[in-house]
Amino acid sequence: LTFRLSVLLSSLFIFFLTTSLVSFTLQETQDRMLEFTLQLKDRVRNRLPLAGLVVRHVLENLVFVPIMVGMIFFLIEYYGGDKFLAFSVLSMVWLCEVFSAISIRTVQGIHFFPRVFFLYFTLFHVYFFSCPVGFTYASLASTILFLFHTILFFWNRYELPALHAGLITSQSP
């Protein structure tokens, strides 16, 4: 019972840590890109030099590099020095967060996709901690494939019909 509880708590911790940091990074970079685009449009319209704007934008966004590097080093330590596993888990979280931020707009998607993602993420970690010398990469591959299936399901079942029906547009996301 104690082992199962510790596996669940570890899974919760790593889920909320990775998804929060990835979501924060995505949101901040998106906000900065929109601001950069508006400033770039004004500078091009007024025929002002662009080099200073581009350099400033790049320097402002370098703050996210230590966040991502720190997260990957933390995951490497968390997964016992396995760099490939850490990078794969981070990539999996990144892919699901990008899909969630860009594509999920229907009520069903907003309500159920994070829960399904959490379920698959937790099941991978339950296996990872329960079978430390098991088939970790096979388990991760199956988790990634199930998540990819989930992404396709939510896109084809909820998001695409809502787009075709006009329920979701650029004016009313």
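## Helix packing

In this predicted model, helices α1 and α3 are roughly antiparallel to each other. The reason is the angle between them: α1 and α3 pack at about 165°, and angles over 145 degrees count as roughly antiparallel, so the pair falls in that class. Helix α1 covers residues 2-45 and helix α3 covers residues 64-78. Their axes are 11 Å apart.

The crossing of α1 past α3 is left-handed. Sorted by class, the residues in the contact of α1 with α3 are 13 nonpolar, five polar and two charged.

## A nonpolar patch on the surface

A nonpolar patch on the surface is formed by Val 44, Leu 50, Val 54, Val 55, Val 58, Leu 59, Leu 62, Val 65, Val 69 and Phe 73. Together these residues have about 840 Å² of accessible area.

Two elements, α2 (51-61) and α3, each give two or more residues to the patch. Helix α2 provides the largest share, with four residues. Leu 62, one of the patch residues, is placed in the loop between α2 and α3.

## Salt bridges

How many salt bridges are there in the model? The count comes to three.

Methods: Residues are numbered from 1 along each chain as its sequence is written. This is a predicted model: local features need pLDDT of at least 70, side-chain atom pairs count only at pLDDT 80 or more; totals for chains, interfaces and linings use all residues. Side-chain values use heavy atoms; hydrogens and water are left out. Axes are lines fitted to C-alpha atoms, for helices over the stretch in contact, and angles run from 0 to 180 degrees between N-to-C directions. Angles under 35 degrees count as roughly parallel, over 145 as roughly antiparallel, 65 to 115 as roughly perpendicular and the rest as oblique. A crossing is left-handed if the near helix is turned anticlockwise from the far one by less than a right angle, and right-handed if clockwise. Ala, Val, Leu, Ile, Met, Phe, Trp, Tyr, Cys and Pro count as nonpolar, Asp, Glu, Lys and Arg as charged, and the others, Gly among them, as polar. Patches are made of residues with over 30% relative accessible area and no salt bridge: like charges are joined within 9 Å, nonpolar side chains (Val, Leu, Ile, Met, Phe, Trp, Tyr) within 5 Å. Accessible areas come from the Shrake-Rupley method with a 1.4 Å probe; for residues, only the protein chains shown count as cover. A salt bridge is a side-chain nitrogen of Lys or Arg within 4 Å of a carboxyl oxygen of Asp or Glu.
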